[in-house]
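Biologist: Could you take me through this one and tell me what stands behind each term you use?

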Amino acid sequence: MTWEEMLPLLWPATLETAQMVGWSTLFTALLGLPLGVALVAFDRGGLRPAPAFKSALGFVVNVGRSLPFIVLMIAIIPFTRLVVGTTIGTAAFVVPLTVGAVPFFARLVETALREVGADVVQAAQAMGASRTTIVRKVLLPEALPGLVAGLTVTVVALIGYSAMAGTLGGGGLGDLAVRYGYQRFETLLMIVTVVLLLVIVQLLQSLGDWVARRLSHK
Amino acid sequence: MIQASGLRKQYGTTVALDGVDLHVREGEIYGVLGQSGAGKSTLLRCVNLLERPTAGTVTVAGQDLTALGSGELNRARQRIGMIHQHFALLSSRTVAGNVAFPLEVMGVPRAERERRVAELLELVGLDGRGKDRPHQLSGGQKQRVGIARALAGNPAVLLSDEATSALDPATTQSILALLKRLNAELGLTILLITHEMNVVKSVCDSVAIMSRGRIEESGVIADLIRTPGSRLTREIFPLPEPAPAGSVTLTFTGDPRQPVVSEVVRKFDVDLSILGGSIEELAGGSVGRLRVALDGADSAAALAYLRDSGLIVEVAGEAA
């Protein structure tokens, strides 16, 4: 295969991967952040202790985390159809990607929030700050570098998941690697895809590290 | 200003506070002294209800905090400042941002906030450092930010949780001097807890000594010093205990240069040998404590003379 033949394949595939990962990252952040906050706030000794509810929440999160992504993707096909109306194509796979990444990111959010010192939270309580103020103005800003690091790890994981989604009709670089690299023995295209994924992951990770460092004032 | 009565706090079977009464008068600096685990930190945190006491009531500035709902409690807390051993500053905010935080909580508009922050930073000697980050400051400066933040809501009361325990001796003195100045200038009532006698000696008007969840002794320092057998006096002036039989312990609260001892030796037929003693500056004056052995025919008359001169005379083996 020549470059002229590969480029028209690589470019749309990269865009599809970017679309899947981009949208699912957005939804994961929107859903995972409140879930992570809930895991911390409802915990024993949290802002609003409700240990039974927290355990139930933790159980659901663990169920989501323990299913292999490829199984999860198939298992929630009815749900995907309900949400997007179809189960193939890039848009459809944003649903399983988000469902798979939300519990993962929520746990990372939980860890980042736990890093915030108890003394800082208590100081805010002593100042008469309400629980929502403490979450908005103390917990989240103080944990921001950790949250950015967690989101970076999540994006990288989503790129991995998206390759699996590709094999079930989601398109993207994973789909390309399977169809051309695996089924047609196009070794060169396979190598190019691998390098491309490596570069994307490295760039995203470096960007995330840089932002997290800039935000940290420790 | 602060009135706590019958405070009990239990964690499971552990009793942290075992029936504590505390009365802090307006405008005074009140020290709670005790070793770690004595319950003093729990006591302080019960005053603004960071810990809810198992039993008992807490009244601050005439308001029974234990009776308030959470919204009202939050409003009451805005009028109670608190400073912390490890400063508890937000690393995500600048110095000015930290001081502005309680003002944001209170809903003070931005322009007013900025004016107030500048005022507070100047008050604690940090003018011009508003844009710095907490990690760029020394421990003493961080505590000054903590103090500025605690004063943002014009509190009537300041609670200090071992505020100088993480600081070196010189910095400790400068922070204590600042607290003393704020107490004098703003009429701020300060309740502080500490394990350092030095803190009590330098700034406190009143003290409570805590041990195992109870207050063992409390009162105005100047009065306690004049109370024979007080635990505070014994702790400030460490003399060998128990005092040897027949020895006499003298406590001077007036001018330390009063030549009472030499007078006694001149006037009466007694020999006096000094066994130990020291002079300390506290409660706004000098207090000396001297242990002596008196020998001679006129011992009884000499002791009576010392008592008449205003000294507190404790004879070992004799009930106070």
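Modeller: Gladly! Angles run from 0 to 180 degrees between N-to-C directions, with axes fitted as lines to C-alpha atoms, for helices over the stretch in contact. This is a predicted model, where local features need pLDDT of at least 70, side-chain atom pairs count only at pLDDT 80 or more, and totals for chains, interfaces and linings use all residues. Residues are numbered from 1 along each chain as its sequence is written, while chains are lettered from A and ligands numbered from 1 in the order in which they are written.

Biologist: What does helix 1 of chain B lie across?

Modeller: Helix 1 (residues 40-47) of chain B lies across strand 1, strand 2 and strand 4 of chain B, at about 120° to strand 1. Helices (H or I, at least four residues) and strands (E, at least two) are DSSP runs, numbered from the N terminus.

Biologist: What makes strand 1 and strand 4 of chain B a pair?

Modeller: Pairing takes at least two bridges found by DSSP. These antiparallel strands have 5, so they qualify under that rule. Here B:Gln3 stands opposite B:Thr59 of strand 4.

Biologist: Why are strand 2 and strand 5 of chain B at the edges?

Modeller: The open sheet has the order 2-1-4-5. Strand 2 (14-24) and strand 5 (63-64) of chain B each have a single partner strand, so one side of each lacks a neighbour in the sheet.

Biologist: How do strand 6 and strand 7 of chain B run?

Modeller: Parallel, joined by 4 bridges; B:Met82 has B:Leu159 in strand 7 as its bridge partner.

Conventions: Contact = placed C-beta atoms within 7 Å.
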